[in-house]
Amino acid sequence: NSLTLILNLEGAIHYFPSENQVCPDKEPGLQPWMPGHSEDHRVTIGYGRKVLLTTSATVHSIEILNGGKLVIADNNRPIMLRTKHILIGNKGELHIGSPDCPYKGNLTISLFGSDQEHSYFGRKYIGVGTGGTLEIHGEKKLSWTFLNKTLHPGESNQNNYLFQRSWGNRGIIIHVIDPNTGEVLQDDRFDTYRSKDESHRLAKYMDGVEAGLILAMVVNDEGSNNLEDSAKKSLSRLGSQYIRTKASSQYVCQLVSYNSHHLPSAVRPQASISIDMLSNSSILELADQPEGWGSRDRVVVASTDYSMHQAEEFTLLSCPTCTSNQVKVQGKPQFIHMGEEVDGVDMRAEVGLLSRNILLRGEMEPGCYGNEACNFFNFDTFGGHLKRGFRAVHISGVELQHMGQQTMGHYPVHFHMNGDVDERGGYNPPTSVSDLSIHHSFSRCVTIHGSNGLLVKDVVGYDTLGHCFFTEDGPEERNTFDHCLGLMVRAGTLLPSDRDSKMCRDITEGAYPGYVANPRQDCSATSTFWIANPNNNLINCAAAGSEETGFWFIFHHVPTGPSEGLYSPGRTEHTPMGQFTNNRAHSNYRAGMILDHGVKTTKANDKDKRPFLSLVGARYGPHQDADPFKPRVPALIHHFVAYKNQDHGAWLRGGDVWLDDCQFADNGIGLTLASGGTFPDDDGSRQQVKNSLFVGESDNRGMRFPDNRIWGPGGSDPTGRTLPRGIDFPIRGMQIYDGPINMQNCTFRKYTALDGRHTSAFGFRLNNSWQSCPNNNVTDITFDHITSRVFFGEPGPWFNKMQMDGDKTTIFHDIDGSVSEYPGSFLVKEDNWLLRHPDCIDVPDWKAAICSGRYAQIYVQTRNPANLNMHIVRDEYPNRPLTLEGALGKRKHYQQFQPVITLAKGYTIHWDQAAPAEVTIWLINFNKNDWINVGLCYPQGTAFTIISDIHNRLTKQTRKTGVFMRTTQKEKINHSHLARGYYYWEEDTGLLFLKVKAHNDRGQYAFCSVKGCERVKITAVIPKGSPPSNCMAQAYPRHAELPVVDVPMPRKIPNARLVRMGGCND
């Protein structure tokens, strides 16, 4: 059992500050109220009655309505109010502090019981109905900050004391120090150089020092001339080098002696001592002054390794000697927590405050009971929820513990269908919640549902089930998460995206009979920030540990639930992104950030058996006003830091996603930019990353534990360290996928390949069936301690057989030679003879070749059949065919092959079955007048109809532009023009020859021309029973040509050298 706090205000709450603001509990006319303790006492406060609760109380329930007001007294005595529920009805008010007069006492509202369900509010709740008012304002405290010094496991508590006084005076200087506080209790100077009396005084002084104190001594200039035996004996008893007390704890102080005659006059000599207190406490050095933090407050220190479970809770202790940026905590850390920048990346652990002086909590049962959640949890998950159906509210300075329920709609903080709650809705300042500590929650942290313009600031969410900061249905826009911290986010049962693999398989509610779950595709998306509409702002936030992902931008093709109909289909997929600045993500399993996928917005049926809101595919292409007919608007990601995420630092799919000043370190894969994938419907976008840092294996090595299965050699040492995926996982910085992408002014540091592990700065998506764009390009790349700049892959673990189409067609353009040291060159896979020429330079360690040329792509779409393989041969290398199996899987009604080709060359195409009845060749990345000649293999007796057309991405209409006529002269195919082309049918070899040529200009980043995608469509009537259409034996050597280098290789940058695997670092 636990707390439910529900607000359902229909009227607006406006706050107008006043210079003479009266604290709520000082308002005239309040009547003291002391109801006593009875769990059967049902309280009604109404009809203008205004009461002041001045002491702890227990009642069955409280209802406030009809002008009634309850105010909690702010005094020096803690107050606990226990009740089953509080219902604030029409014109009822509950006040705990105010914005100008925050509550300073200690208040706990504790809800108990599990019965008395309300039709709307449920059980164990604080509910605010229509016209009700709730104001809660606790003390202002720093919500969270960073460690500023690394905290090591079992680290002792060291207080450094600087001894820097009376250096102008000669003799022995003594300070007596309290070992518990570091405070100097006494100090004196003894000039034992001048006088024996001073020596006697010193001996008497030392004998009088109380046992258990620390005696710190330094000698300035000279002190031995008149140092008598009595003083020497006292020194000897304490030890000539160290002083040890007889207290139960041992304290060690080094005696230090300086001679000031040997120091320059400008130097002020110093002696410092370090007091090693063998007590069960630690000192945290913080980046900010911990405003409002006090003794017995609880804090959590985030993990800085791969596992979020290395987060640790501590209790603060009194520390009079701490500096303004230090706190003392009970206990020693079990794990290392970084408090510094490592290899240029800010890896400081977040430190979040859990305690507040106002606590809303539920009283929990000792174990799980009475609901389906007990199949997955062994503890009570029936927590509280604060549901807000009103239009404006401000709540701050509150701790919420044991909140939320594993039932829909019951969350710790829930804004429910409020519409616009900012200036657009008439509210100034905008509705906000701030300075909240939400921890040990049973369902989310903050939920925004059908509400826009909300400010969520300085909120800590720790140890929760399901998505933590959650936008629900898709229409939520203009909300701002500012300086929010979420960590230890675990799977929950509510939505498919909340669930882990076991929950995904076991919970079949909403699925169609016969559904078989695929957890990694349908579920398994638990995220700290779950953003269902890109037009929301995330600023200065930290996602410091989730079972799956830190930040996930997800798409609802149509709004769901109560929001149904609030926007047109597909709108969010084109909505520009809000501000995403200075955010960080670490210690997540799947990724620090994902921008990809949607949720299923239709009910399960026999064609799609997956439950409602399961994960599905979606593509993001932002445009002005969310209108694809208007200009593109880039999604800007600025200063994002992602480290120690097991799979990806970030996986971002979409058109025009641009990153600037980002940092990626110690991720399995630093960054993958995937294209929008909506070709040809949203052609012309690009992705880019600039001014960013990638670190493969930093000096944050982590710690070895018995339950840590992924530990092995790594780094440039190589020493033992925690690893992201496996000992042999090929760590990559920038994973080049499809494109087009542009990378500028980026640094790669500490990517070290080992025997059996192919680490590289640049790599490619493994087991990839999709295309690779020849316009992917890099410039101004810097390498620092790198053994392998690029690795194209080889058969083996993780890479498998390297037989998928995308594995074979990888390519990128090295514009300035900063990768290959050949400016303007292209890096291609070493065995792709569609792209090579005789002057290409092999780099065996990279499994690559450095080449020059003019490159483009053709997409070859086939129908009837679609389950065949294609062999494409360049005439200059007839013995080097490239076999492609298609990008779409063999069960589709059509297939698509996507080879990269060298322009102005001849090719033949063959099949492992009878040729398809329909072949459409799309010209991709062809500029005006670019061409290739193609010979396609068909069975004898085939008849053809061949046309050219153009497909408009915006109107989705296809317009015929010309026809191809048969010619008996092969040379005539080169004289084709737009309206009329020629094809040559060479029946003895079975080859149909034609020239495919672009007739229109192309935009800089577009796959197709400004008028649309130019295509050639071949419809064939193929004799039944025809054998496989493989004409290679007949085509060559008849149509073979000598290799020609059309674009000369660039000259190598002077004094540059290629870095080979196992060679020297850059």
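Colleague: To begin with the rings, how many aromatic pairs does a search of the whole structure find?

Modeller: Bearing in mind that this is a predicted model, the search of the whole structure finds 34 aromatic pairs, and one of them is formed by Phe 335 and Phe 705.

Colleague: What makes Phe 335 and Phe 705 an aromatic pair, and why is it called edge-to-face?

Modeller: Their rings lie 5.0 Å apart, centre to centre, and the limit for a pair is within 6.5 Å, so they qualify. The planes stand at 65 degrees to each other, and because an angle over 60 counts as edge-to-face, that is the name the pair receives.

Colleague: Which parts of the chain does this pair link?

Modeller: The pair links distant parts, 370 residues apart: Phe 335 belongs to the loop between β26 and β27, while Phe 705 belongs to the loop between β55 and β56. Both Phe 335 and Phe 705 are buried, which means that each has under 20% relative accessible area.

Colleague: Why are strands β58 and β60 said to pair?

Modeller: Four bridges join β58 to β60, and since at least two are required, the two strands therefore count as paired. They run parallel, with Arg 732 opposite Ser 760 in β60.

Colleague: What makes β60 mostly covered?

Modeller: Five of the five residues in β60, which spans residues 760–764, are buried.

Definitions and conventions:
Residues are numbered from 1 along each chain as its sequence is written. This is a predicted model: local features need pLDDT of at least 70, side-chain atom pairs count only at pLDDT 80 or more; totals for chains, interfaces and linings use all residues. Side-chain values use heavy atoms; hydrogens and water are left out. Buried means under 20% relative accessible area, exposed over 50%, partly exposed in between (1.4 Å probe, protein chains only). Rings of Phe, Tyr and Trp (its six-membered ring) pair if their centres lie within 6.5 Å; planes under 30 degrees apart count as stacked, over 60 as edge-to-face and the rest as tilted.
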